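Visitor: I have a structure to go through with you. Could we take it one topic at a time?
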Amino acid sequence: MPISLYNSLTRRSEPFAPLDPERVTMYLCGPTVYNYVHIGNARGPVVFDVLVRLLRRHYPQVLYARNITDVDDKINAAAQQQGVQIDAITNRFAQAYRDDMAGLGVAPPDIEPHATTHIAEIITMIESLIDGGHAYAAEGHVLFDVGSFAAYGQLSGRDPEELLAGARVEVAPYKRNAGDFVLWKPSTPELPGWDSPWGRGRPGWHIECSAMSAAHLGESIDIHAGGVDLLFPHHENEVAQSTCAHGGKVFARWWMHNGMLTFDGRKMSKSLGNVLLVHELLKLYPAEALRLRLLSGHYRQPLDWSEAAINQAISTLDGWYRVLRDLAAIELPDGALPVPERVEAALCDDLNTPQALAELSVLADSARQSGSAEAKAALLGGGVLLGLLQQAPEAWFRRGDEAIDEAHIEDLLEQRRAARSARDFTRADAIRDELGAMGVVIEDGAQGTRWSIVKS
């Protein structure tokens with residue numbers, strides 16, 4: 001089944017064909033680790049986690065890199081404010097990021113390069129740009145000469161002058177052109193820095209990704225992904241410096257960009273007070289529901305985030321897991337779980353997760369009606385590709401609450417059964433209310449009474 005992906009560079013969907021079918025390469029821009037990430041930062045990792053799962057079904061080796069930016073002015077400011085070295089900040093929040101992504105079911109990348117461990121590669125790339133006439137040193141800085149790259153602006157599809165007029169570009173007297181961007185900048189004694197041919201300093205943000213990608217994946221890669229907010233200037237600058245540093249070679253053959261999140265129809269921003277941290281959301285809602293919501297819209301489109309939308313995701317998962325719980329006694333066929341063709345076809349069509357989720361609902365209905373092992377296996381197999389339905393149904397309905405006293409709940413349920421048998425409905429209702437106060441919802445059915453946890 002061929003994979004077709006939308007390419008931001010060509011502005012059309014194209015059949016995916018890697019440079020080397022034996023070694024597919026993909027790079028995703030990772031976090032700048034100075035604080036907890038918000039839910040908008042998680043959309044790319046979740047969406048492209050599904051892409052990596054799909055690619056691994058089609059190709060024998062996929063090398064997936066997601067970087068850590070661990071030197072940055074925001075990190076420096078946080079470290080100075082707290083009176084600590086930058087690694088005290090970056091180590092803490094890099095691990096917090098990994099934990100948050102794992103909570104959302106995102107598999108770790110094959111390669112997680114850190115900017116601070118690639119200073120030598122960054123310096124070498126800058127030297128090659130200077131030697132090629134694409135960069136120049138000025139007052140302790142090294143800047144990329146945008147005028148030296150005729151294709152500048154091609155990725156974002158707009159005139160360079162228009163792009164620069166609409167961007168916040170630092171204008172300094174040592175720049176040849178207003179749009180020239182920093183590859184290396186000087187560090188004062190209190191700031192982190194490394195020795196270089198241009199003095200003690202630190203890299204600019206854009207050069208870091210180019211150097212790390214080349215170091216681990218090669219000078220030309222198959223897919224470069226990230227949020228649409230990175231299209232300009234970050235990705236545009238990556239194209240310019242990588243292409244020029246590598247003798248005109250194509251840097252990334254496919255560029256993929258996920259849309260941004262809004263909150264109840266408004267842009268997420270600190271000034272509006274509606275920035276939702278993954279770290280906090282994981283305490284409030286089931287992680288799988290957060291993942292489902294992030295996959296519920298097409299990745300290239302904006303996605304609105306609301307409590308109602310999360311509750312709908314929880315309800316959807318309740319229904320799917322209820323089917324799996326009802327089929328708990330049905331043994332799966334031998335061998336690997338099959339991936340249903342219609343689910344895979346949806347994902348092969350430019351990662352159409354909304355259609356794939358619709359197909360998963362059809363599979364759940366089919367499993368509910370047939371009760372067969374094959375239907376159960378198809379539902380689970382479709383879930384694997386989306387990173388859903390990977391836990392035991394009973395674990396889902398307990399909402400991951402390890403502090404639950406299951407024995408006490410079962411004892412209360414037994415007392416309720418006895419009260420109902422004795423037609424003492426007042427006592428039975430009182431027990432239901434007691435369980436409800438504990439956050440336990442009970443469901444009477446043909447297979448007996450079952451319970452689940454509802455987090456407040």
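Visitor: In which sense do β11 and β13 pair?
Guide: This is a predicted model. In it, strand β11, residues 261–263, pairs with β13 in the parallel sense, over three bridges.

Visitor: Which residue is the bridge partner of F263 in β13?
Guide: The partner of F263 is W305.

Visitor: And what packs on the sheet there?
Guide: Helix α9, residues 287–295, packs on the sheet and touches β11 and β13. The direction of α9 makes about 145° with that of β13.

Visitor: In what order do the strands of this sheet lie?
Guide: The sheet is open, with three strands in the order β12-β11-β13, and its pairing is mixed. The edge strands, β12 (266–267) and β13 (303–305), each pair on one side only.

Visitor: Changing topic: how many disulfides are there?
Guide: The count is zero. C209 is in no disulfide, and the nearest cysteine sulfur, that of C29, is 4.0 Å away. The cut-off for a disulfide is a pair of cysteine sulfur atoms within 2.5 Å.

Visitor: Is C209 buried or exposed?
Guide: C209 counts as buried because its relative accessibility is 1%. C348 also counts as buried, at 3% relative accessibility.

Visitor: What about the protein overall: how many helices and strands?
Guide: The protein has 16 helices and 15 strands. Its C-alpha trace spans about 90 × 50 × 35 Å along the principal axes.

Visitor: What share of the residues count as buried?
Guide: Of the 456 residues, 51% count as buried. The protein exposes about 20400 Å², and carbon and sulfur atoms supply 50% of that area.

Notes:
Residues numbered from 1 in each chain as written. Predicted model: local features only at pLDDT ≥ 70, side-chain atom pairs only at ≥ 80, totals over all residues. Heavy atoms only, no water. Buried < 20%, exposed > 50% of the residue type's maximum accessible area, 1.4 Å probe, protein only. Pairing = 2+ DSSP bridges. Helix = DSSP H or I, 4+ residues; strand = E, 2+ residues; numbered from the N terminus. Contact = heavy atoms within 4.5 Å. Axes fitted to C-alpha atoms, helices over the stretch in contact; angles between N-to-C directions. Areas by Shrake-Rupley, 256 points an atom, 1.4 Å probe, with all protein chains shown as cover.
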